[in-house]
Amino acid sequence: MEDSIIGAQTYLSFIEAFSNKHPSEIDYNQFKSLYKTLNIAEIRWQESQRGIVVQDIAVYETPHKKAIQPFVRNYICNDVLQRQITIYRIADTEPWSKDMMQQIRCFCEINYMCSSNYILRSHAATTENIDRDTGIATMPVLRRHMAMLCSQGLTDQFAAMYINLKNCKLINKNYGYAAGTKLMRAFALTLQDMTDQQNNEIVIRLGGDNYIALIRKENLASFLEQITEVRVSVDFQGRTVHNTFSARAGVWPIEDKHSPFDIIMNNIGRAISLTRIPPFHDIVYFDAAIERTVLRRNELEVQMESALASGEFLVFYQPKVSAVNNCLVGAEALVRWKHGDEMISPAEFIPLSEQNGFVSKIDYFVLDQVCAQLRKWMDAEMDPVPVSVNFSRVHFEEEDVAERIFEVVNRHNIPPRYIEIEFTETVSYNEKEKLLSVIEQLKAKGLAVSMDDFGAGYSSLSLLQDLNFDVIKIDRSLCDVSNNRQSVVLEHVIRLARALNMCVVCEGVESEQTYGFIKQAGCDMIQGFLFDRPIPLDQFEQRLRNKQYELK
Ligand code: C2E
Ligand code: MG
Ligand code: MG
């Protein structure tokens, strides 16, 4: 019995041969005589990462035919790596005896244990190089890959892109975290399958819903088309869960053979940041114009806070005129940034401030200015008109937005009917719930609430039905009566809103033709260049003194 188990000498030589090595580096042939006594035909070593076989090699082979049922040992090294040792007996030899099996098992255990040091090292390497959730490569891999391409002067054959998934938060919300992770993994692997790895294309996960890909220029168009809609399905707790991922991308077809990594990352990072601001293109290519835009954005972003403190933000007023008698009946407060000699449009800095949250300060500032002004007009017995103030959807994150608004109105002792709060159309269900509650609170305190830019988004009709706005402001894009079909839509939207007891304001009215049409359709108020542009305080005060407009 003693003799048949591997002797101490053989143990030692195993340990020496296997220690600190990857199986592919070990010379297995040195134990040939042992394999012969054990009738071994072949020894295979397999390595898998997350169940995907990444290496499968015969570390010892003979020309003999293999018996059908091999001896298999599985080792789970960590939650990414698995190893498997498979030993085949020579066909037509006696099945292994108990002793022989013990020797074989002993061989496997020592082999695995001795390379555990190696495994520990490779574990560190896999966690660094392989994303835990998805199993695809990570940033260090990309960095090395690009350095290799750069050193070979090949980078200009590729386009780099920063990929970001749209509505990713909703996935966990809709399917739960575990299924969400599975879906994300399926998406990442699909993305990886779209790349031509043989030809040096690569995709890595940066973290969260962000990926970076390096795609050959000739494959760029088809790759970009594919990522606009990626359908995946996974099995989760006995049912199949489907999701369609849709991505936005910042792309740079690399211009220079030796473009360094940091420049590439910078350029695609700038391009992706522009997908989130108007005009909201899903694919943005980096170029010199983009660079200027990004620099400008950064410059504005840095200066915003001090500009507000030093009084560079001004409030302009755009009159609202009654469609019945052409009389001034209200105004919208619109913010302006006077930066040196330049007047920066809110269309430029509001989307930026919405991204960094600063818009909240701007909106409360405007509300405060408007209330202070209304107080002065009232004290001077100037008979002011109600003024509307824009509130960004960013405020829905605040718990107490309605109270804060009311606190400002109260502080200046303004009757609530003089203040109207404008909210833009919102899409997500979550926002809708919050908007519903804010509207109810504001209305309960006597303030009017309006839906701004109606018709510019997609969610219009259900919002009209569910939310109890006092005023609907029809977007400029709908108020174009030169197109026959559109004028039919406009007319019926006006009628619908009136039937729901809402006051209708048409924005962006520039011509008498439009004015005539919407007046006859039943619109209550006009806000547009036909009567007035947004004007500074002193000019608006003249309008307050003489409220009647004469059309030229
Ligand atoms: P909005 O709230 O829909 O404001 C109306 C915009 O339409 C104003 O642009 C106004 O100048 C423009 N407009 C009005 N009549 C006409 C017209 O007849 N023709 C044309 N072409 N345009 C017309 P403005 O002042 O550049 O503001 C742009 C947007 O910036 C606003 O759209 C609003 O969404 C946002 N905004 C402005 N001030 C604030 C603010 O204090 N807070 C927030 N959150 N957003 C603001
Ligand atoms: Mg508005
Ligand atoms: Mg509007």
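This note walks through the sheets, helices and a surface patch of the structure above.

1. A word on the basis. This is a predicted model, in which local features need pLDDT of at least 70, side-chain atom pairs count only at pLDDT 80 or more, and totals for chains, interfaces and linings use all residues. Residues are numbered from 1 along each chain as its sequence is written, chains are lettered from A and ligands numbered from 1 in the order in which they are written, and side-chain values use heavy atoms, with hydrogens and water left out.

2. Let's start with a four-stranded sheet. The open sheet has the order β2-β1-β4-β3 with antiparallel pairing; helices (H or I, at least four residues) and strands (E, at least two) are DSSP runs, numbered from the N terminus, and two strands pair if DSSP finds at least two bridges between them. At the edges are β2 (52-61) and β3 (71-76), each pairing on one side only. From one strand to the next, the twist averages 15°.

3. Within that sheet, β3 and β4 (residues 81-89) run antiparallel and are joined by six bridges. Asn 74 has Gln 84 of β4 as its bridge partner. Helix α3 (residues 98-114) lies across β1 (40-49), β3 and β4, at about 30° to β3. Here axes are lines fitted to C-alpha atoms, for helices over the stretch in contact, and angles run from 0 to 180 degrees between N-to-C directions; contact means heavy atoms within 4.5 Å.

4. Next comes a five-stranded sheet. Its order is β6-β7-β5-β10-β11, open and with mixed pairing. The edge strands β6 (202-207) and β11 (283-285) have a single partner strand each, so one side of each is left without a neighbour in the sheet. The twist here averages 20° from one strand to the next.

5. Seven bridges connect β7 (residues 210-216) with β5 (residues 158-165) in an antiparallel run, and Ile 163 stands opposite Tyr 211 of β7. Five bridges join β7 to β6, also antiparallel, with Ile 204 opposite Ile 212. The hairpin of β6 and β7 has two residues between the strands, and Gly 208 takes a positive phi near 55° there.

6. Which strands does α9 lie across? Helix α9 lies across β5, β7, β10 (247-253) and β11, running at about 140° to β10.

7. Helix α9 (residues 261-273) also packs against α5 (residues 139-151), at an angle of about 120° and with the axes 10 Å apart. The two are therefore oblique to each other (angles under 35 degrees count as roughly parallel, over 145 as roughly antiparallel, 65 to 115 as roughly perpendicular and the rest as oblique). Among the residues making the contact are Met 139 and Leu 142 of α5 and Phe 261 and Ile 264 of α9.

8. Finally, the surface. Tyr 11, Leu 12 and Ile 15 form a nonpolar patch with about 260 Å² of accessible area together. Patches are made of residues with over 30% relative accessible area and no salt bridge, like charges being joined within 9 Å and nonpolar side chains (Val, Leu, Ile, Met, Phe, Trp, Tyr) within 5 Å. Accessible areas come from the Shrake-Rupley method with a 1.4 Å probe, and for residues only the protein chains shown count as cover; a salt bridge is a side-chain nitrogen of Lys or Arg within 4 Å of a carboxyl oxygen of Asp or Glu. Leu 12 lies in helix α1 (residues 8-18).
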